[in-house]
Amino acid sequence: MASYKPVVVPAQPRLGEKVTQDTLYWRGYKTPVQIKEFGAINKIDFSPVSPYNYAVTASSRIHVYGRYSQEPIKTFSRFKDAAYCATYRDDGKLLVAGSEEGSIRLFDISGRAPLRQFDGHTKAVHVVGFLSDKYRIFSGGDDYSSNLWDIPSATEIVSYSEHMDYVRCGCASKLNADVFITGSYDHTVKVFDARTKKSVMTIEHGQPVESVLLFPSGGLLVSAGGRYVKVWDVLKGGQLLVSLKNHHKTVTCLCLNSSGQRLLSGSLDRHVKIYSTTSYKVVHSFNYATSILSLALSPEDETIVVGMTNGVLNVKHRKPKESKEKSQKKRQPAYRTYVKGRNYMPKQEDFYVSKPGKCVLRKYDKLLKSFQSSKALDAVLEPHIRLYTPEVTVAVMQELNRRGTLRSALAGRDEKQISLLLTFVTRRVIEPRFTPVLVTVADMITDIYQPVVGQSVLVDKQFLRLQEAIGKEIDYQEELLEVLGMMDALFATLTKKRAAYLEENKSNGLTKTLEQDMNN
């Protein structure tokens with residue numbers, strides 16, 4: 001009796017994603033740590049000084065976390081209602097936050113009670129921050145106003161009431177201590193100068209503005225609102241440079257990496273997109289469990305922190321670089337040891353002894369070897385095979401069909417097994433590499449279980465899905481054939497024109513040659 005030959009699974013080409021340097025870099029983060037907060041996280045801000053702690057604003061509290069701590073190392077909870085936009089000063093010693101009741105509180109990182117309280121807004125204050133001189137604070141609230149405050153005297157310096165809707169985001173220039181920017185739900189971004197009584201520039205974003213960001217150079221401004229991320233040239237009077245539409249839901253937050261070469265955007269579509277600031281193309285993307293409200297990157301790009309609507313804080317740390325110190329290893333045999341005897345040619349008087357290798361059969365091969373067709377099909381319909389290596393499932397079906405036992409393997413199944421088979425066929429029948437085999441399988445299932453149609457709602461639904469999938473594929477094929485027919489007609493026309501042109505050139509050349517010969 002001949003030995004059993006295992007089922008040959010044909011190698012199927014796959015279209016893999018293009019692996020770039022950015023892909024390798026952004027994949028170099030560990031498995032995320034999940035921290036549960038008390039409510040939706042509206043702001044995450046890293047301290048600009050070592051050890052780079054970060055403040056998380058959620059509900060009525062501000063929690064300060066260490067880089068690797070999973071519990072807050074400090075809590076500010078002196079708020080009657082929700083707190084918003086806790087932001088560090090450039091020296092990392094002070095923290096400012098807005099609140100739902102309209103007041104602004106200034107905290108010392110080493111203390112707990114607020115150092116100053118600024119009252120002037122009549123509604124919730126959603127955006128606060130420090131100017132680069134460290135002695136003034138800007139703010140924006142739901143009362144449509146943008147205010148400037150003096151820290152030592154705790155008084156209001158100037159108030160701007162130019163926005164026509166809620167002011168929900170803002171940032172300050174790091175180069176000019178008098179310039180700050182606010183974005184509003186009235187679709188505009190306004191640039192203010194503390195030395196003037198009106199805004200110095202107004203930019204129309206086109207959608208309610210959720211986040212604004214100023215490049216370190218101060219020349220480029222990024223605004224996010226709706227599904228769009230737009231980059232503006234401030235030095236050219238707010239000229240639009242590029243409009244990015246890579247999210248399919250509202251973009252809520254923006255962030256730059258330490259070098260300014262990568263721009264990150266988070267959205268309600270659960271994705272964080274990473275753009276190159278030279279080409280403004282997406283170079284990588286992160287996927288999260290729920291909608292994203294806030295995003296921050298540590299000053300050394302070592303940690304990515306994302307805050308979500310369900311109150312979960314997602315923290316990713318970069319994997320540490322492997323030490324380059326050479327560990328002491330056992331001395332390996334010389335290269336000549338491995339190649340010794342490989343080029344030896346056997347002589348006539350030599351006896352060739354071959355050592356047979358042991359063939360380890362997989363579960364489905366063992367069942368096929370013992371002619372258990374139905375169990376072999378069940379083995380390749382297990383989740384880890386049908387979902388991740390469908391080519392194995394199809395190869396076994398093809399082998400059963402070759403043996404003539406596929407029909408008996410498909411027969412005699414209950415409602416759940418029929419539904420599983422139909423789900424697999426519906427999902428994979430439109431793939432060209434599987435179509436020839438799965439069309440045969442679909443025909444057999446239809447013939448076998450046609451008498452029981454109408455007895456099970458679940459099976460009937462799967463049959464309808466299969467019919468719909470095949471109908472769509474047929475429509476696509478018909479459209480493609482029409483396009484191919486059009487292309488053939490175009491190519492035929494072009495070929496005729498080219499042939500006529502060549503024939504004309506040949507005839508002209510021959511005529512000229514004859515005329516020259518006659519003249520000579």
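Strand β7 (residues 94-99) and strand β8 (residues 103-108) run antiparallel and are joined by four bridges. Here, strands are DSSP runs of E with at least two residues, helices are runs of H or I with at least four residues, and both are numbered from the N terminus. Two strands count as paired if DSSP finds at least two bridges between them. Within this pair, Val96 is placed opposite Leu106 of β8.

The model is predicted: local features need pLDDT of at least 70 and side-chain atom pairs count only at pLDDT 80 or more, whereas totals for chains, interfaces and linings use all residues. Residues are numbered from 1 along each chain as its sequence is written, and side-chain values use heavy atoms, with hydrogens and water left out.

β7 and β8 belong to an open sheet of four strands, ordered β6-β7-β8-β9 and paired antiparallel. The edges are formed by β6 (83-88) and β9 (114-119); each has a single partner strand, so one side of each lacks a neighbour in the sheet. On average, neighbouring strands of this sheet are turned by 20° against each other, direction ignored. Axes are lines fitted to C-alpha atoms, for helices over the stretch in contact, and angles run from 0 to 180 degrees between N-to-C directions.

## The sheet from β10 to β13

Another open sheet has four strands in the order β10-β11-β12-β13, with antiparallel pairing. Its edge strands are β10 (125-130) and β13, each with a single partner, so one side of each is without a neighbour in the sheet. The twist from one strand to the next averages 20°.

Strands β12 (residues 146-150) and β13 (residues 155-160) run antiparallel and are joined by five bridges. Ser146 stands opposite Tyr160 in β13, and Trp149 stands opposite Glu156 in β13. The hairpin of β12 and β13 has four residues between the strands, and Ala154 takes a positive phi near 55° there.

Cys169 lies in strand β14 (residues 167-172). Its relative accessible area is 6%, which makes Cys169 buried; buried means under 20% relative accessible area, exposed over 50%, and partly exposed in between, with a 1.4 Å probe and protein chains only.

Neighbours within four places in sequence aside, Cys169 is in contact (heavy atoms within 4.5 Å) with Val127, Ile181, Thr182, Gly183, Val209, Glu210, Ser211 and Val212. The C-alpha atoms of Cys169 and Ser184 are separated by 6.9 Å, although these residues are 15 residues apart along the chain.

## Helices α6 and α8

Helix α6 (residues 390-403) and helix α8 (residues 415-428) have axes that come within 12 Å and cross at roughly 110°. The two helices are therefore roughly perpendicular to each other, a class that covers 65 to 115 degrees; angles under 35 count as roughly parallel, over 145 as roughly antiparallel, and the rest as oblique. Pro390, Thr393, Val394 and Met397 of α6 make the contact with Leu421, Phe424 and Arg428 of α8.

The buried residues of α8 include Leu421, Phe424 and Arg428.

## Helix α9

Helix α9 (residues 435-449) has 15 residues and reaches 21 Å from its first C-alpha to its last, close to the 21 Å expected at 1.5 Å a residue. The expected span is 1.5 Å times one less than the number of residues.

In α9, the buried residues are Val437, Leu438, Val441, Ala442, Met444, Ile445, Ile448 and Tyr449. They cover an arc of only 165° around the axis, which puts them on the same side of α9; the arc is that of the directions from the helix axis to the C-beta atoms.
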